[in-house]
Amino acid sequence: MYEGVRSPLIYTPRTIGEFATVIRRHPQAILWAGGTYLMSQPDYYPGEAKDGIIDLSHMEELKRITRNDRYVEIGAMVTARQLLSTGRLLLPPILQQTLQSLGTQVVRRQITIGGALCISDTRLSLSTTLAVLAASAEVKLYNDSKVTTHWIPVAKLYDKEGKLNLGSKSALLTRIRIGLEFGDFQRFVLFGDPIRKSSECGIVALHAKREQNSLSKVQFCVTFPRKAFHISKDIESKLSGSALPIHPEKVNSLSYELVAELTKMHNTISDLQLERARRIFESFLHDLNSQSLS
Amino acid sequence: MKIECTIDGKALTLSVNSNKPLSLILMEDLENQSLASYCRGNACGNCVVLFNDEAALSCLIPAFRIRGAKIRTFESFQRSRQYRDIERAYKAIGNRPCPSCFNAKTLIIESILQDLTTDTGHPSASTPSKEVVLDKAKVARELSLNSCQCMDMAELIQIVEIALGYRNRRRRVRRS
């Protein structure tokens with residue numbers, strides 16, 4: 001079967017310098033991290049990879065986890081399983097919960113952090129959580145003979161539909177940086193299957209800090225794979241500085257404001273997805289209230 | 001592309017397309033009988049193999065990643081001592097998975113047992129390698145990798161518990 005299919009060339013750079021040489025010669029080549037998403041596409045094999053595949057698994061520089069007092073830096077080729085086992089005491093609970101939601105342990109051995117963030121057309125839960133944790137990503141852009149390095153907030157890596165937008169076709173996400181000052185209220189809910197049933201799926205994450213009886217540093221993101229990657233600055237600013245507990249009427253009005261905002265900006269989200277996201281958002285705020293009263 | 005690897009203990013040099021999934025290589029090029037389906041990314045979980053001694057979905061491994069790797073399919077696993085532990089657990093319960101998912105489920109159980117009995121630490125085990133307390137929710141999540149519903153999850157968890165008992169007993173005997 002498929003005997004006539006042309007075998008794509010595989011390039012295996014070992015350093016970022018070698019990668020730069022390869023990507024300049026083959027700007028259309030597919031960057032291969034863990035490959036779990038690429039291989040789970042129905043049209044993967046036999047498929048087209050005319051300009052070859054760049055296998056990133058030999059680049060040791062992308063497999064490091066380093067930390068200092070203020071932040072932790074995670075290489076793009078670190079797998080979800082490695083991050084869960086080595087960072088169990090270090091990482092915020094919301095990130096651990098997100099990594100566990102990516103799949104079973106067998107699949108987590110293969111999923112890489114960079115790969116999960118750089119899927120071109122759909123957003124998985126990791127992007128949502130890193131956006132609310134205000135993480136940033138180091139991106140190297142290869143234009144002609146010039147290499148430029150940028151630190152870009154994860155929230156700004158995607159457009160409003162959730163499509164990856166690195167600013168250049170020849171780009172490499174090398175590591176992500178997460179600050180170690182977390183808020184004490186973190187919530188993450190994933191409903192549906194983001195890969196197989198993306199039309200029914202949604203991801204909601206909230207991160208905030210409670211100071212005495214008020215909220216600060218509120219970060220909220222709701223994602224619908226292939227449809228929307230939504231960060232509501234309006235709701236974040238309305239919640240920041242709010243006194244706790246938040247009045248139930250305000251909770252209700254905020255949740256409907258979220259629905260109105262989502263409907264206005266993204267018209268492909270189904271009513272069921274909207275309603276589920278709204279209720280999850282409400283439950284987060286009720287949770288916040290119950291914690292502040294206890 | 002020429003790729004050298006070890007499959008079921010045999011050192012092989014394969015000439016295959018560089019991006020061909022391992023599951024297709026096993027089924028088409030090697031005519032391995034223990035794999036029966038290619039779900040094209042639908043995550044049926046029926047193509048589990050031991051890749052460098054760790055369970056992996058062979059439909060998610062491209063040919064260029066198997067260079068130098070040690071791959072073990074159910075064909076050779078069923079001749080090992082480890083398989084006896086799981087087989088005895090099936091007998092003790094009096095039930096076993098259906099023929100279409102039997103191989104995959106057995107290898108997933110083996111992967112769980114390996115994680116529970118190695119000293120590297122595993123979220124399913126509160127005290128690895130000594131007296132292991134099974135985290136049933138996490139074991140159930142691992143078992144859900146295979147989508148076949150032929151067996152009750154409670155029964156499968158019981159099988160893991162019993163097999164873990166046999167495995168620990170065998171390890172203790174070997175140590176003493």
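In which sense do strand 3 and strand 4 of chain B pair, and over how many bridges? In this predicted model, strand 3 (residues 48–51) and strand 4 (residues 54–57) of chain B run antiparallel to one another, and four bridges join them. The two strands form a hairpin with two residues between them. One residue of the turn, Asn52(B), has a positive phi of about 50 degrees. Across the pair, Phe51(B) stands opposite Glu54(B), which belongs to strand 4 of chain B.

Read from the N terminus, the elements of chain B follow the order β-β-α-β-β-β-α-α-α-α-α. Of the 176 residues in chain B, 43% are buried. Among contacts in chain B with a separation of 6 or more, 63% link residues 24 or more positions apart.

In soluble globular proteins, nonpolar side chains tend to be buried together. Here the largest nonpolar core holds 124 residues, and the members touching the most others are Leu117(A) and Ile108(B). Helix 4 of chain B (residues 102–117) supplies the largest share of this core, with eight residues. As for Leu117(A), its contacts beyond neighbours within four places in sequence are Leu126(A), Ser127(A), Ala137(A), Val154(A), Leu157(A) and Leu173(A).

A helix pair in chain A also deserves a look. Helix 4 (residues 93–101) and helix 7 (residues 125–132) of chain A pack with their axes 9 Å apart and at an angle of about 170 degrees. Because of that angle, helix 4 of chain A is roughly antiparallel to helix 7 of chain A. On the helix 4 side of chain A, the residues that meet helix 7 are Ile94(A), Leu95(A), Thr98(A) and Ser101(A); their counterparts in helix 7 of chain A are Ser125(A), Leu126(A) and Thr129(A). By residue type, this contact between helix 4 and helix 7 of chain A consists of three nonpolar and four polar residues, with no charged ones.

Finally, the two chains meet each other through 24 residues from chain A and 25 residues from chain B. On the side of chain A that touches chain B, the elements giving two or more residues are helix 2 (36–39), strand 3 (53–55) and helix 5 (105–108) of chain A. Helix 5 of chain A provides the largest share of that side, namely three residues. In composition, the side of chain A that touches chain B has twelve nonpolar, nine polar and three charged residues.

Key
Residues are numbered from 1 along each chain as its sequence is written. Chains are lettered from A and ligands numbered from 1 in the order in which they are written. This is a predicted model: local features need pLDDT of at least 70, side-chain atom pairs count only at pLDDT 80 or more; totals for chains, interfaces and linings use all residues. Two residues are in contact if their C-beta atoms, placed from the backbone, lie within 7 Å. Ala, Val, Leu, Ile, Met, Phe, Trp, Tyr, Cys and Pro count as nonpolar, Asp, Glu, Lys and Arg as charged, and the others, Gly among them, as polar. A residue is buried if 20 or more other C-beta atoms lie within 10 Å of its own, exposed if 12 or fewer, and partly exposed in between; C-beta atoms are placed from the backbone. A nonpolar core is a set of buried Ala, Val, Leu, Ile, Met, Phe, Trp, Tyr and Cys residues joined through C-beta atoms within 7 Å. Axes are lines fitted to C-alpha atoms, for helices over the stretch in contact, and angles run from 0 to 180 degrees between N-to-C directions. Angles under 35 degrees count as roughly parallel, over 145 as roughly antiparallel, 65 to 115 as roughly perpendicular and the rest as oblique. Two strands pair if DSSP finds at least two bridges between them.
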